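Let's take a friendly walk through this structure. Please have the sequence and the 3D view at hand.

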Amino acid sequence: MPKQGRQGGGSDTTAPDAPPPTEGLLGPDTPPIGAQTAIPLAPAPMPTDGLLAPAPADQPRSVAEDTLTPEDWRAAGYTPAAGTAISTLQPGAPGDAPWPDRMRTLLRTPMAERPAFERTSRELHPSAAGRNVPRILDLTLRIGELLLASGEAAEDVEAAMLGIAHAYRLDHCEPQVTFTLISISHQPSLTDAPVTADRVVRRRTSDYTRLAAVYRLVADITAEQAGINDAYRRLARIRRNRHPYPIWLLALATGLLAGAATFLVGGRVDGKAWLVFGSAFVAAVLGDRLAALIAGRGLPEFYQFVIGAMPAAAFGIALSFNDLHLRGSVVITGGLFALLPGRAMVAAVQDGLTGFYITAAARLLEVVYLVAGIVIGVMLVLYVGVNFNANLRPDESLAGSADPPLQLAAAMVLTVAFAMLLQTDRRTLPMVVLNSAIGWSTYGVLAYNAEISPIVSTGLAAGLVGLFGQLMARYRYASALPYVTAAIGPLMPGSALYLGMLALAQGHSSAGLVSITRAAAIAMALAIGVNLGGEVARLFLKAPGATDRIAPYLLVPRRAAKRTRGF
């Protein structure tokens, strides 16, 4: 077996009787398998005696003195020009384990300590990677942009970028993700100039069908089953694909989500309940269309949330101007479920827990702005209603366990609508609904039967959602976002947020701040639970289809930041 490692620069020659080059993994620059190549070692720019000290001028120069020793290369964090010994390679051929597991291990390992993993038996011409560096980096950035725009955590985006670069023989790469800017730097050796490329993420879309296609593309690339030209073609098809659901169906799904939330927080079925359902349905559809209208005019997303929250609040105030107790508070609470940014909140907490503090801070700030837009839109209407003596009853949005089977059914319907809004693939919907039923049932048992704190109950239920979502994703070798994000929709703190806004509108500032703080605590428990469940699945469970040959590789620990008591 030839030694694996990075060779120095130089020219390559092909035997006269070799066939013409054919397109390989890296494109048309790859020579055919079996071609004879001779790659001389690249001389150093100046004679050196060790890593930094120059050799004396009168000392005779030789090839050995013009290159760094293997010890110097390892100390500097690079592969020696002569390659690495076979004994240092670790088992684990590409594609045997899910690429997130393999790449997170490398990502959390310093560059100087990253092992050189074996590749497939189809060897590539080493100089082909050097000639294709700009194309490889560009493809890596484009795929990373799609993943980040879809809401993936920063660690998963960097793992995908590292996996693509590693598959195309660019081992010395460092990806970097900072919410709106992604970059990657490649430096083959100490004597070669580094190459750095970056890309700005300006538009974010929630399309989990496209996300699943990108995951399959990354899996094929890391398994060395897709050449760079083929990867570009598939990426172009992914970008051109239309959304699986039309706009009119998404508008109806928004109304269905808000209507199902009224049964979830109302907890009863009667004549008034169906009137409340219809009001929430119409208000949510109206708010969605108004937000889409101003979005087409170029207004920022903050104002879209302000406008989108007003119709639900207005319908709730209208229902409260009577003595029939039509539960206007339930309409307002149901409208909040259709607006709360659960995806961004979970991703923000996950980035913070994994050490990506800049990205986490940016995402948390985004969540704060979006929630502030919702609060402003609802508060403007609530102030008007309170001044006109609207009969809003806070206890209407806290029904308790009046009808658990009804609430479970409402939670499942809410999840289906939420998954459709996220453009989740139709074949994934049954698994998402099942995961949601597990989470809501756990919450109901803990909060209502065991009478445990709602914050603790939410965290434990979200942990199960994250665990089972990660299991489903690993079974299908896909992203966990489609299985988790919509499933936590019923656990959103819509009631607590509404109670805080109503108390503030009525002049009870202390009670309002307590309710809003409680809503923030529930949201934090929700995000931490989802992340912890996913980490448990990665730490203790093998990937499906794992063989004994790769078992030592899967046991390689995923390193975390080494930090003790804050220093």
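## About the model

This is a predicted model, in which local features need pLDDT of at least 70, side-chain atom pairs count only at pLDDT 80 or more, and totals for chains, interfaces and linings use all residues. Residues are numbered from 1 along each chain as its sequence is written, and side-chain values use heavy atoms, with hydrogens and water left out.

## The sheet and its helix

Let's begin with the strands (DSSP runs of E, at least two residues, numbered from the N terminus). Three of them make an open, antiparallel sheet in the order β1-β2-β3; two strands pair if DSSP finds at least two bridges between them. Because β1 (173-177) and β3 (195-200) each have a single partner strand, they stand at the edges, and one side of each is left without a neighbour in the sheet. On average, neighbouring strands here are turned by 10° against each other, direction ignored; axes are lines fitted to C-alpha atoms, for helices over the stretch in contact, and angles run from 0 to 180 degrees between N-to-C directions.

Five bridges join β1 to β2 (residues 181-186) in the antiparallel sense, and C173 has H186 in β2 as its bridge partner. Helix α5 (residues 154-167) packs on this sheet and touches β1 and β2, its direction making about 155° with that of β1. Helices are DSSP runs of H or I with at least four residues, and contact means heavy atoms within 4.5 Å.

## The largest nonpolar core

A nonpolar core is a set of buried Ala, Val, Leu, Ile, Met, Phe, Trp, Tyr and Cys residues joined through side-chain atoms within 4.5 Å. Buried means under 20% relative accessible area, exposed over 50%, and partly exposed in between (1.4 Å probe, protein chains only). The largest such core has 118 residues, of which I143, I221 and V378 touch the most other members. Helix α4 (residues 133-149) gives the largest share, ten residues.

Which residues does I221 touch, not counting those up to four places away in sequence? They are L139, I143, I164, A167, Y168, A226 and A231.

V367 belongs to helix α13 (residues 357-387) and is buried, with a relative accessible area of 11%. Beyond its neighbours within four places in sequence, V367 contacts P341, A344 and M345. The C-alpha atoms of V367 and A344 are separated by 6.4 Å, while the two residues are 23 residues apart along the chain.

Q470 sits in helix α16 (residues 454-476), and its 10% relative accessibility is why Q470 counts as buried. Leaving aside neighbours within four places in sequence, Q470 is in contact with A480, G534, A537 and R538.
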